[in-house]
Structures are given as C-alpha cells and as structure tokens.
Amino acid sequence: AAKRSFILVEASSRIGGRCTVDTQSFGVPFDRGAHVIYGQDSNPLARLATTTGLDVYPATAAQRIRIGRRNAREGELEDFLAATVKANRAIADASRTKDIDCASALPKDLGDWKSTVEFALGPYNSGKDLNEISAMDLSHAPDRYASAFCRQGYGALLAKLAQGIPVQLDTAVKSVEITGRGTRVEAATTRGTIGGANMIITASTNALASGLIKFGDDTPSRHIDACNRLKLGSFDHIALELPGNPLGLQRDDLVFEQSSGPRTGALVANISGTPLSIVEVGGRFGRDLSAQGDKAMVEFAVEWLSGLFGNDVKAALKRTQTTQWNKDPWALG
C-alpha cells in the first residue's frame, strides 16, 4: 500500500516460523506451533483472518478442571478462579514499586491451587516458570481471553495471507552490515547479498542470542544483551489420536488439573471436532521432558491422561506426534 518494493527472506523451506500446520500425520490439521488466535478486538492478524475465507471460529471461554478422576465442583472452580485473581492482583501490585519475578510476588495463601495457578500463569501462559518471568511484563500483558481457532490450522492461515508476497525460501541470513554512513543495510545470505534502505529482522531472540546472524560493529551491544535477557521459554505439543472420544469431552475443551507440582500439562481435546487431542507442556518441566525425546513425551501424556480419565485412554490411542521447538534450528525455543 505504501508503494515500496520489498522482499521477504525465509531461512526455512516454508513460511510461518513457529506457525505451521501438519496435515499428513493424522489426516486432519495439526498445528505444530501456534494454535490460538489471540486478541480478536486488537490483533491485526485476527482481523485479517476473517478475510481469508478459511473457517475461523470463536474459542470456547470455558475451561475444565480435573481433581483426580472427576471434574471440579462449582465451588472448587470458584476457588481456583479466586486464587488466580488473587495471584494476578499480587503480581500487578508488586510491579508498581519494583520489577521482581512473578514467583516472588505470589501470595502465600493460594492453598491447594498454588501449583495449578503457577502452571496456568507460567508454563501454559508464557512458556516459563514464574521465577523466570518479570512481574512488570506479566501484569502489562494483553488480555488473552478473546480468542479464536482456524479449523484448517494457524499455519494454513499464514500461508493464505502470504499468497502474492515475494518470499525467498531456503535463504538463511548469515550477517548484517550497515553501510553508506547508515543509509543502507546489507545482508549476506546463503544465496547471495541483498540490501535496501531498511531491514526488519524477525528471527527469534534465541536465534539472535546464539549468533546465528552476525552483526557489524554498528549494532549496539545492548540489542544482543536484550536478546539474552529475553530468551524464549519452552512450549511443546504432544498430539494424540483418540477415536471414539474416550475422554468424553466437547470440541476444543481446555482442561487443567489440580496439580501438586510442576509435572503437569494442559489438554485441548477434540481439536475442531476431530479425534485429535493435544497435551501441552511448558516451562522447565516441558523443556526437560522434550529433551528426553518423543517416547518419553508420549508416555507422560498417556499416563497423565489416564490418571485423569481412566485407562480407556491407552486402549483408544492410535497415532501420536510431538514437537521439539527447542531443537528447531531457526527457533531454538
């Protein structure tokens, strides 16, 4: 619209980064990365999604809590919500005077819901444990309640929006130099040098901090220092094909458990009405689990679900897939 010429250079063989959909593993769309379209009222991407012709529909606002093998009762749900509000308020109050980590700001009276609140606000919401998250950052984070799903997958949505954009795939940037007394930027890539008046770099902070892209002397060290201080967390999917709905849940139901420690996850069941369910793990526990490999991740997910819904899960289980974003060479988290 601004009548500028531009090119998008992508290191991998596809567009979308951590937004990619797999349609082969299960025969239905499986978002290997981002799945929820947040900020329906404020996110420009959410507004664009409605113009693609894809099936974008509102996510359910409800969530279920399991206590052992039963659903939490109404009063218990109210207790959990009250504990979550109390924790958020304490984090916001603490951030007004100084910036501390969220774990240090938590109130001491969260009772039996302490671990669940810590997981929901930390690994599930942010990919990090609360002691790794700035209270100021979390208290200023935008509201994530207004959200939606794309039945064809978030990755399909980005691919649709990218149609007609000049994209050069399989082209990794190796170094960036500012030339012409600050009037031009040049990037050395695996397919030659490109340059222009401006350059927008969207590589992950972990990729930048690891030195995948070298910068010339004109780049202030504070930029790299910021990347080191803003490292990505860990968040992975364990996808399970469960025909016959052995969990007895509705489409896109979100389920937490009343946990007693960090060894827990979240469940998104029957994705877009399919037999595909996803157990999501994050934070330090998720990072350690993913480092053990696919087999350990699937074993955790099956045992975790069996503890909440019974052993019918094991009998119903068919195909499985896991993600390993910490090992992805272009994301590293």
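Reply: Two strands pair if DSSP finds at least two bridges between them. The model here is a predicted one. Strands S11 and S12 form a hairpin with two residues between them.

Me: How do you know that S11 and S12 are paired?

Reply: Pairing needs at least two bridges, and five bridges join S11 to strand S12 (residues 192–196). They therefore count as paired, and they run antiparallel. Within this pairing, Ala187 stands opposite Ile194 in S12.

Me: What joins S10 to S11?

Reply: Strand S10 (residues 173–179) is joined to S11 by six bridges, and the two run antiparallel. Ile178 has Val185 in S11 as its bridge partner. The hairpin of S10 and S11 has four residues between the strands, and Gly180 in that hairpin takes a positive phi near 55°.

Me: What makes the side chains along S11 alternate?

Reply: In strand S11 (residues 184–189), Val185, Ala187 and Thr189 point to one face and are buried. The cut-off for buried is under 20% relative accessible area.

Me: Why is the protein chain called as compact as a globular protein of its length?

Reply: The secondary structure of the protein chain comes to eleven helices and 18 strands. Its radius of gyration is 21 Å, close to the 20 Å that the globule rule gives for 333 residues, so the chain is as compact as a globular protein of that length. Along its principal axes, the C-alpha trace spans about 65 × 50 × 40 Å. Buried residues make up 43% of the 333 residues. The chain exposes about 17700 Å², and carbon and sulfur atoms supply 50% of that area.

Me: Why is Phe6 called exposed?

Reply: Exposed means over 50% relative accessible area. Phe6 has 54% relative accessibility, so it counts as exposed. Phe6 is found in the segment before strand S1 (8–9). Phe6, Leu8 and Ile165 form a nonpolar patch on the surface, with about 270 Å² of accessible area together.

Me: What makes the pair Arg32 and Asp22 a salt bridge?

Reply: A side-chain nitrogen of Lys or Arg has to lie within 4 Å of a carboxyl oxygen of Asp or Glu. The side chains of Arg32 and Asp22 meet at 3.7 Å, N to O, so the pair qualifies. Arg32 lies in the loop between strand S3 (30–31) and S4, and Asp22 lies in strand S2 (residues 21–22), so the pair ties together parts that are ten residues apart in sequence. A search of the whole structure finds 15 salt bridges.

Me: Are Arg32 and Asp22 buried, or partly exposed?

Reply: Arg32 has 22% relative accessibility, so it counts as partly exposed. Asp22 has 12% and therefore counts as buried.

Me: How do you know that Asp129 forms a salt bridge with Arg284?

Reply: Their closest N and O atoms are 2.6 Å apart, and the cut-off is 4 Å. Asp129 lies in the loop between helix H4 (114–126) and helix H5 (135–140), and Arg284 in helix H9 (residues 283–291), so the pair ties together parts that are 155 residues apart in sequence. Asp129 is buried because its relative accessible area is 17%. Arg284, with 36%, is partly exposed. Salt bridges that share partners also join Arg70, Arg73 and Glu76 into one network.

Me: Why does Arg263 count as exposed?

Reply: Its relative accessibility is 55%, so Arg263 passes the cut-off for exposed of over 50%. Arg263 is found in the loop between strand S15 (254–257) and strand S16 (266–268). Leaving aside its neighbours within four places in sequence, Arg263 is in contact with Glu257, Phe285 and Phe300.

Terms used: Residues numbered from 1 in each chain as written. Predicted model: local features only at pLDDT ≥ 70, side-chain atom pairs only at ≥ 80, totals over all residues. Heavy atoms only, no water. Patch = residues over 30% accessible without salt bridge, like charges linked within 9 Å, V, L, I, M, F, W, Y side chains within 5 Å. Areas by Shrake-Rupley, 256 points an atom, 1.4 Å probe, with all protein chains shown as cover. Buried < 20%, exposed > 50% of the residue type's maximum accessible area, 1.4 Å probe, protein only. Rg over C-alpha atoms; globule rule 2.2 N^0.38 Å. Contact = heavy atoms within 4.5 Å.
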